[in-house]
Amino acid sequence: MKNRFIIIAANCCFFFNAFGQNTTTFKSSDSAIELAFDRAKTMALSYKGDSKDPVGPWYEAALPSRAAFCMRDVSHQTIGAEILGLSKENKNMLSLFAQNISESKDWCSYWEINKYNKPAPEDYRNDKEFWYNLNSNFDVMYACWRLYLWTGDETYIKNPEFENFFEKSAINYIERWSLEEDSLLTRLEFPNPSFPFNIKDDFHKCHGLPSYSEGIPGLKMGVDLVAAIYRGLLTYSSVLRQKGDVQKAEFFEKKAAKYKQQIEQTWWDNTTSTYNVIYTNDGKFSKDGGELFLLWFDALSDTTRTKKTIEHIISQKTNVESLSYLPFLLYKYGYEDKGYEYILHLTDPVTKRREYPEVSYGVIEGIVHGYMGIEPDATTKTVTTLYRGKNGTISELDNLPVLKTVLFIKQESQKTTLYNKGNTAIQWRVMFFGNYDAIFINNKKITANHKKDDNGNSYTFVDVPVNSRQKMDASF
C-alpha cells in the first residue's frame with residue numbers, strides 16, 4: 001500500500017491536468033480543510049477504474065486488493081463520486097447491482113462485483129452459497145434516490161431495471177427473508193439455508209446476515225437492518241409518488257412507519273439512554289457500532305434520542321469504515337466542530353487505513369454536502385446553500401455538477417455568490433444561520449422566510465430562480 005501513496009504523490013499534477021475543468025475544485029481561506037479536500041480528491045480519483053475493463057466504468061469500493069465494488073460501499077460513496085465527476089461509474093455499478101437481482105439468489109444481487117464483471121470469488125461460490133448482508137438491497141435503493149435528488153437523472157427511478165429492483169426488494173425480498181415488521185425478532189437465524197448446511201462455511205453462515213455487523217454468534221437481527229428496511233420502503237414510496245402512483249406510495253409509506261415505530265418502542269434502552277443494536281438467538285439485546293446506521297438511514301425523529309445517539313457514537317472507538325460516514329452526518333445534525341475534526345483526522349497521513357476507498361469519498365461528501373451545505377433536490381429543481389464553515393472564513397466550489405448544470409459557489413458567513421455556469425435553470429434557496437428580516441439579492445432587498453430545525457436553530461432564506469449563465473450575490 002505504500003507504493004500507492006508514492007504514485008499518488010507523484011501524480012498530483014496529472015489529476016489536476018486530467019480532470020481540471022471537469023472535476024469539482026475547492027478553495028478556502030482555511031488552509032487545513034482545503035488540504036483535506038485536495039488529499040481526499042487525489043485519493044478518491046486514484047481508485048477510478050479503467051472504463052475498458054470488462055465490467056465497464058467503475059471505481060474501487062471494497063478492499064483495494066480486490067479490484068471490486070460492493071453494495072454497501074458503493075451506496076455510501078456515490079455522492080462523493082458524483083461530486084468528482086464519476087457519474088458514468090455510479091450509473092454502471094448501480095445498474096449492475098439492479099440487473100443481477102434474481103429469484104435463484106432469493107432476490108439478492110451480487111454483494112460484490114469485480115472489474116472482470118464477475119461476482120467477486122471472495123464472496124460468491126454459486127447462487128446458493130454466497131456472502132450477503134441483507135441491508136444492501138435497501139441501501140442501494142436509497143443510493144439511487146439520493147443520486148436522483150442530486151443529479152436530476154430520472155434513470156435512477158424510472159429505468160425498468162431499477163423499477164424491478166425496487167419492487168422485488170420491497171416485496172419479494174422482504175417475504176423471502178422473513179423481514180416483515182412482526183417477524184423481525186422471531187424469524188429463523190438462517191431463513192434460506194444451503195443444503196447440506198455447514199456452520200463453519202462463511203458462505204453458509206453469512207448467507208443473509210441481518211445486519212452490517214459481522215462475526216456475532218447467534219445474530220438474529222440488527223437495528224441497522226430495521227432502519228435500512230424503513231428507509232428502503234420510504235424510498236420506494238417516494239419513487240412511486242414521483243411517478244404519480246399516490247395510492248401505492250401511501251401503502252408503502254405506512255408500511256415503512258411500522259419499522260420506525262419498532263425502532264423506538266423495541267430497541268430503545270431506557271437504562272443506558274441508547275439504542276440496542278443487536279438481538280441474538282438467546283433473546284438478548286446488546287450494543288454495537290451499528291447504531292451509526294440509524295443516522296445514515298435517517299430513521300430517528302426524537303431529538304433527544306438523536307443527540308444521545310450521536311454523543312454515544314463519537315465517544316466510542318470505531319473502525320475507519322464507520323468513521324468515514326461521520327463528516328457528512330455530523331454536519332447534517334449540527335455537530336459542525338466534530339465534523340470538521342473528523343475531516344482532518346481522516347485525511348491525516350498518520351491515520352491508519354485512511355486509504356480505504358470509503359474514507360476519501362466520505363470526506364468529499366462531508367466537505368461539499370456538509371461543510372458547504374450544498375443540498376440539491378430534483379423534485380423541486382432547487383439547490384440549497386447553507387455555509388457551515390467557521391466565522392471569518394471564505395470558501396468556494398467550482399465546476400460542481402448538480403441537477404444537470406454546473407455551479408460556482410462562494411460562501412462566507414454573511415454572503416453567498418452563486419454562478420450557474422451550465423445550461424439548465426435552477427431554483428436557488430439561499431439560506432443563512434440566524435433570524436433576519438430580509439436578504440439582498442444583487443443588492444435588491446427581498447423579504448425573507450424563516451424556519452427552525454429540530455434543535456431550535458433559526459434560519460433565514462429566500463428562493464430565487466437562477467437562469468443559465470446567470471450570477472447572483474446574496475447577503476444580509
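**Close-up views of a predicted model**

Figure 1. Strand S22 spans residues 458-466 and pairs with S21 in the antiparallel sense, over 4 bridges. S21 itself covers 449-452 and is an edge strand.

**Figure 2. The five-stranded open sheet.** The strands follow the order S13-S14-S18-S22-S21, and 5 strands in this order make an open sheet with mixed pairing. Its edges are formed by strand S13 (375-377) and strand S21 (449-452), each of which pairs on one side only. From one strand to the next, the twist averages 25 degrees.

**Figure 3. Lys381 in the loop between S13 and S14.** Lys381 is located in the loop that lies between S13 and strand S14 (382-385). The phi angle of Lys381 is near 55 degrees, a positive value in a residue other than glycine. Lys381 is exposed, because its relative accessible area of 57% falls in the range over 50%.

**Figure 4. Ser273 in the loop between S9 and S10.** The loop holding Ser273 lies between strand S9 (268-269) and strand S10 (274-275). Ser273 is a residue other than glycine with a positive phi, near 55 degrees. With a relative accessible area of 25%, Ser273 is partly exposed.

Figure 5. The bond from Phe195 to Pro196 is cis, and its omega is near -10 degrees. Pro196 is placed in the loop between helix H8 (160-176) and helix H9 (202-205).

**Figure 6. The largest cavity and its lining.** Searching the whole structure gives 2 cavities of 30 Å³ or more. The largest cavity holds about 50 Å³ of space. Its lining consists of Arg39, Ala40, Met43, Leu346, Thr347, Arg354, Val359, Ser360 and Val363. Two or more lining residues come from each of helix H3 (31-46) and helix H17 (357-371). Classified by residue type, the lining of the largest cavity has 5 nonpolar, 2 polar and 2 charged residues.

**Figure 7. The second largest cavity and its lining.** The volume of the second largest cavity is about 30 Å³. This cavity is lined by Tyr110, Trp111, Glu112, Pro119, Asp123, Tyr124 and Phe130. The lining of the second largest cavity has 5 nonpolar and 2 charged residues, with no polar residues.

How values were computed. Residues are numbered from 1 along each chain as its sequence is written. This is a predicted model: local features need pLDDT of at least 70, side-chain atom pairs count only at pLDDT 80 or more; totals for chains, interfaces and linings use all residues. Side-chain values use heavy atoms; hydrogens and water are left out. Two strands pair if DSSP finds at least two bridges between them. Axes are lines fitted to C-alpha atoms, for helices over the stretch in contact, and angles run from 0 to 180 degrees between N-to-C directions. On a 1 Å grid over the protein atoms alone, a cavity is a set of points where a 1.4 Å probe fits but cannot get out, and a pocket is an open set with protein on both sides within 12 Å along at least five of seven lines; lining residues have an atom within 4 Å of a point. Grid points are joined across faces, edges and corners, and a volume is the space filled by probe spheres set on the points. Ala, Val, Leu, Ile, Met, Phe, Trp, Tyr, Cys and Pro count as nonpolar, Asp, Glu, Lys and Arg as charged, and the others, Gly among them, as polar. Buried means under 20% relative accessible area, exposed over 50%, partly exposed in between (1.4 Å probe, protein chains only).
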